[in-house]
Amino acid sequence: MSNVVQVDWNRRVRDELKKLQGDEPAEKLEKIEIYESITDLSILTPYKGLKELTIHQSGVVTRLHSIAALPPLPDLECLVLADHLLADLPDDFAARYPKLSTLLLTNNKYYDVAALAPLHKCTALVALELDDNPLVSATPEYRAALFDAIPSLVWVDCKNREGDAMSEGINGEEDEEMEEDEEGEESEEEEQKGTAKTKRAGDEGGEQEAKRKK
């Protein structure tokens, strides 16, 4: 009798996908965010209509080392693969995801721009995020090299070719928080101004009353 225990790392993610899908056909689902461990990317094969896919890092053991098994997704526009151990891309990456416009590869293991060569054929790619990869510090001119190699690129690490920062973040969350903070500060300033005006009016009224009594 064998004492080997088979661990199904993908059971929870399959359950997560079934719950997300509900009664809809798999090909109708347009957005998936995976929080559970996933080691078999072919699980995503039925979801051919996906436009947005995020695979979160759920633990050291199950961080992705490769996306070679990620199936072709002809309508995919946004792919988020931050905080994994990726160091290369499939040679046919552009053919697999012809409509991809946003790619986030933050905090992976890309050591040089050459590892991103498959992106050169991504004619729809507009925004690329590479912060916290080794190539960022090892290759100071990496942004210029990518702009030259990928004509469609407008933003690399939230900056354009001239180095100007985008007014809205790639995923929008940070900017929404900033806008909320700014609105809160403006409201606080207006409240303080209103309080000051009220106090000043009260002081002036008190002075006028004192003069009348004299």
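## The nonpolar core

The largest nonpolar core holds 45 residues. A nonpolar core here is a set of buried Ala, Val, Leu, Ile, Met, Phe, Trp, Tyr and Cys residues joined through side-chain atoms within 4.5 Å. Buried means under 20% relative accessible area, exposed means over 50%, and partly exposed lies in between (1.4 Å probe, protein chains only). Leu53, Phe93, Leu119 and Leu146 have the most contacts inside this core. Two or more residues each come from α1, β1, β2, α2 (93-96) and α4. The largest share, three residues, comes from α4. In soluble globular proteins, nonpolar side chains tend to be buried together.

Phenylalanine 93 shows what such packing looks like. Leaving aside neighbours within four places in sequence, Phe93 is in contact with Ile67, Leu79, Leu100, Leu103, Pro118, Leu119 and Cys122. Contact means heavy atoms within 4.5 Å.

## The model and the chain

This is a predicted model: local features need pLDDT of at least 70, side-chain atom pairs count only at pLDDT 80 or more, and totals for chains, interfaces and linings use all residues. Residues are numbered from 1 along each chain as its sequence is written, and side-chain values use heavy atoms, with hydrogens and water left out.

The protein chain has five helices and six strands. Helices (H or I, at least four residues) and strands (E, at least two) are DSSP runs, numbered from the N terminus. Along the sequence the pattern reads α-β-β-β-α-β-β-α-α-β-α. Of the 214 residues, 35% count as buried. Take the contacts with a separation of 6 or more: 53% of them join residues 24 or more positions apart. The accessible surface comes to about 13400 Å², and 48% of that belongs to carbon and sulfur atoms. Accessible areas come from the Shrake-Rupley method with a 1.4 Å probe; for residues, only the protein chains shown count as cover.

## The sheet

Six strands form an open sheet in the order β1-β2-β3-β4-β5-β6, with parallel pairing. The edge strands are β1 (31-34) and β6 (155-156), and each pairs on one side only. Two strands pair if DSSP finds at least two bridges between them.

β1 pairs with β2 (residues 52-55) in the parallel sense over four bridges. Lysine 31 has glutamate 52 as its bridge partner in β2. Glutamate 33 has threonine 54 there. Which residues of β1 lie on its covered face, and which on its uncovered one? Ile32 and Ile34 are on the covered face, while Lys31 and Glu33 are on the uncovered one. In a regular strand the side chains alternate between the two faces of the sheet.

## Salt bridges

How many salt bridges are there? The count comes to six. A salt bridge is a side-chain nitrogen of Lys or Arg within 4 Å of a carboxyl oxygen of Asp or Glu. Side chains of opposite charge can pair when their charged atoms come close.

Glutamate 52 lies in β2 and lysine 31 in β1, so the pair ties together parts that are 21 residues apart in sequence. Glutamate 52 is partly exposed at 36% relative accessibility, and lysine 31 is partly exposed at 47%. Another joins aspartate 15 and arginine 11 (3.9 Å, N to O). Both lie in helix α1, four residues apart, about one turn of the helix. Aspartate 15 is partly exposed, at 40%, and so is arginine 11, at 46%. Arginine 96 and aspartate 92 also meet in a salt bridge (3.0 Å, N to O). Arginine 96 is buried at 13% relative accessibility, whereas aspartate 92 is partly exposed at 38%.

## A buried arginine without a partner

Arginine 143 is found in helix α4 (residues 142-149). This residue is buried yet has no salt bridge. The nearest side chain of opposite charge, aspartate 157, is 5.7 Å away. Lys and Arg count as positive and Asp and Glu as negative; His and the chain ends are not counted. Not counting residues up to four places away in sequence, arginine 143 touches Val156, Lys159, Asn160, Arg161 and Gly163.

## A buried loop residue

Alanine 115 lies in the loop between β4 (102-104) and β5 (127-129). Is alanine 115 buried or exposed? At 16% relative accessibility, alanine 115 counts as buried. Beyond neighbours within four places in sequence, alanine 115 is in contact with Ala87, Asp88, Leu89 and Tyr110.
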